[in-house]
Amino acid sequence: MSFFDNLLLGWELVSNIESFLALAVGVVVGVIAGAIPGMSATMAVALTLPFTFALSPITGILLLLGVYKGGIFGGSIPAILIKTPGTPASSATILDGYPLAEKGQAGKALGMALYASCTADLISNLALILFAGWLASFALNFGPPEFFTLILFSLTIIAGVSGQSLLRGALSALMGLLLATIGLDLVYGTNRFNFNDPNLMGGLNFIAVLIGLFAIPEILTKVWDPRGNDGSTRQLGGNWVSFAEYRACFKSIVRGSVIGVFLGSIPGIGAAPSAFLSYSEARRKSPNRENFGKGELEGVAAAEAGNNGVAGATLIPLLALGVPGDVITAIIIGAFMIHGLQPGPLMFVTNADIIYGLFMGLIISSVILLLVGSVAIRAFRFVADIPRGVLFPAVLVLCVFGVFAVNNNIFDIGVMFAMGGLGFLMLRFDLPAAPFLIAFILGPLLEDNFRQSMLMSGGSPDVLVRGPITWVFWTMTVITVVAVVRAGFRNSKQATQN
Amino acid sequence: MSSRHKQLGIGGAAVLSSAFLFFVGIPYGISAPSNIRNIVLSPLFWPQILAGLIGLVGLGILVSAARAGAGETVTAGQDQTPDQAQSEPGNWLRLAVMTVILVVYLAAVPWIGLVWASIPAFIAVAFLIQTRHPKTAVIAAILVPLVLYAFFAHVAGVAVPQGEFVRLP
């Protein structure tokens, strides 16, 4: 089947009211969640996951993708209006967005954020459509040793760039890998840390772990500091962005989108570094560079383009290799698993209709984001007024219902609370949660591919360096470790000098 | 808590966890068949590798904390965020109360059902985080669990626990 046949097949799958509705509802939920300080796109995607049980696979995944896209844009609204980024990736938007709001041009800044987001989102989705299939066909040649080295590389880069130091990221990833060993052994079926408890024999429930790690710590943070995250909202002002202003920023938007696509397709980098890199490149190349940081519209455009350019590209490693690129795609992998689907190169052969359906859905989501975003900017006042004292208890109850619904098991609620406590401690001790969750998901895959490789070779480690693909991944792993360690030494040296 | 203290805490906990896994967790928590010829295929191998790496990383964190020590003793406390600096007993007390609420919530679910356990839990958390809208919180505490029950029980087909007293349709 040709590429265009597949796209047509995908279009047939999503050209129905349920899919459009799922995307629209997802984008609305995402924008609202992203716009509420204290909530985040990650939390919104995690909380929406249980609602996909009742939906068909494609509708459920489109709902989550809508939340993802909406959440990333939604984060820019409080960043501009109350100087509080709704998502970490929106931090770069504050640099010029808030000064514009102080000048009474919040409407202009938000308008540019929306247009830059939608443009970058579209470019990112097109990159996904073009590259994911190609990468998947290449990955069909991978055997267990290749997958082992790929996952090892992904975990190394995720551990290296997610937190403040490689060691803390590595510790977080190792904890995730250890937690993934709970349950019956993959080969011999013997007990591993399950102490004959039937609740633990299948391992810990993935959704209980992820909701525990990403939603409960936010509630505990609110308990810790009930008066945090309150800010005063700026007025939108009468100004709106003009086409000439959009055209003037177009170069920076495209550059930011390309940076986002490149960084997003590498597992673990995420949206925040992309937004800052795009912003600094725009400042370096702009004739108005002196105005950056004081309320430059191009700065908002560049930051938002870098931020949203990642959204489609993070799905490239997820769909083509089965490796989640960041936390949100790690949650989305859960939706695939719930519906009995395993993302990866084989899915392009066995479920090509779903893959191409998702591609078409993503393109539609860019248009929906434009429509919903325009309304959301004007409606932010109402979103900002949602009382946190009611919102957070509601989130807790939603978490409990959602986690119970996965397996109809009260034990999972306990797991979620325990993981929430761990997540809160990790937050307090600056241990990044992203490597933990991604390692927890990839742990069984890593071990399984390692043991399969050893079975293939009769226990000889030579199989792990058997060909050029494994060499490339080993080299990239070593380069990542060296680069992260060097950066760490440089930072500590600078800190000592200061 | 300064960055160095955090590092010392994390590193120490990692080394202790590694030792615990090697001497207690793995020997007593994992069973392996006795006739495995190749050690790398044993169910013990992977957890042992992970325990070893956790210990090594913990040591690395302790060493880097020690290296940073001299420079940071003068500036200790300066890298604290406002939130961390205001780590008062009240914060810990609220956290302890929250823990009790969560434990009671969990224990109450099989006894009175998910919906009826959620209502007091909602109200308790709302008051714990000092809600400025107590009436809205109480109304939401009743409505939110009922709406979620309606969705999960009647749309998603989940058997929501009903408890031993009042059963919902």
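A: Buried means under 20% relative accessible area, exposed over 50%, and partly exposed in between (1.4 Å probe, protein chains only). This is a predicted model: local features need pLDDT of at least 70, side-chain atom pairs count only at pLDDT 80 or more, and totals for chains, interfaces and linings use all residues. Residues are numbered from 1 along each chain as its sequence is written.

Q: How many residues of α14(A) are buried?
A: 17 of its 17 residues are buried. Helices here are DSSP runs (H or I, at least four residues), numbered from the N terminus.

Q: And what should the 17 residues of that helix span?
A: At 1.5 Å a residue, helix α14 of chain A (residues 297–313) should span 24 Å, and its end C-alpha atoms are 25 Å apart, which agrees. The expected span is 1.5 Å times one less than the number of residues.

Q: Switching to the interface: what area is buried between chain A and chain B?
A: About 5,900 Å², with carbon and sulfur atoms giving 78% of that.

Q: How many residues does each chain put into the contact?
A: Chain A gives 63 residues and chain B gives 71, contact being heavy atoms within 4.5 Å.

Q: Which side chains meet in a salt bridge?
A: Asp430(A) and Lys6(B), at 3.0 Å, N to O.

Q: Which element gives the most to chain A's side?
A: α19(A), with 14 residues.

Technical notes. Chains lettered and ligands numbered in written order. Heavy atoms only, no water. Helix = DSSP H or I, 4+ residues; strand = E, 2+ residues; numbered from the N terminus. Buried area = accessible area lost by both parts, 1.4 Å probe. Salt bridge = Lys/Arg side-chain N within 4 Å of Asp/Glu carboxyl O.
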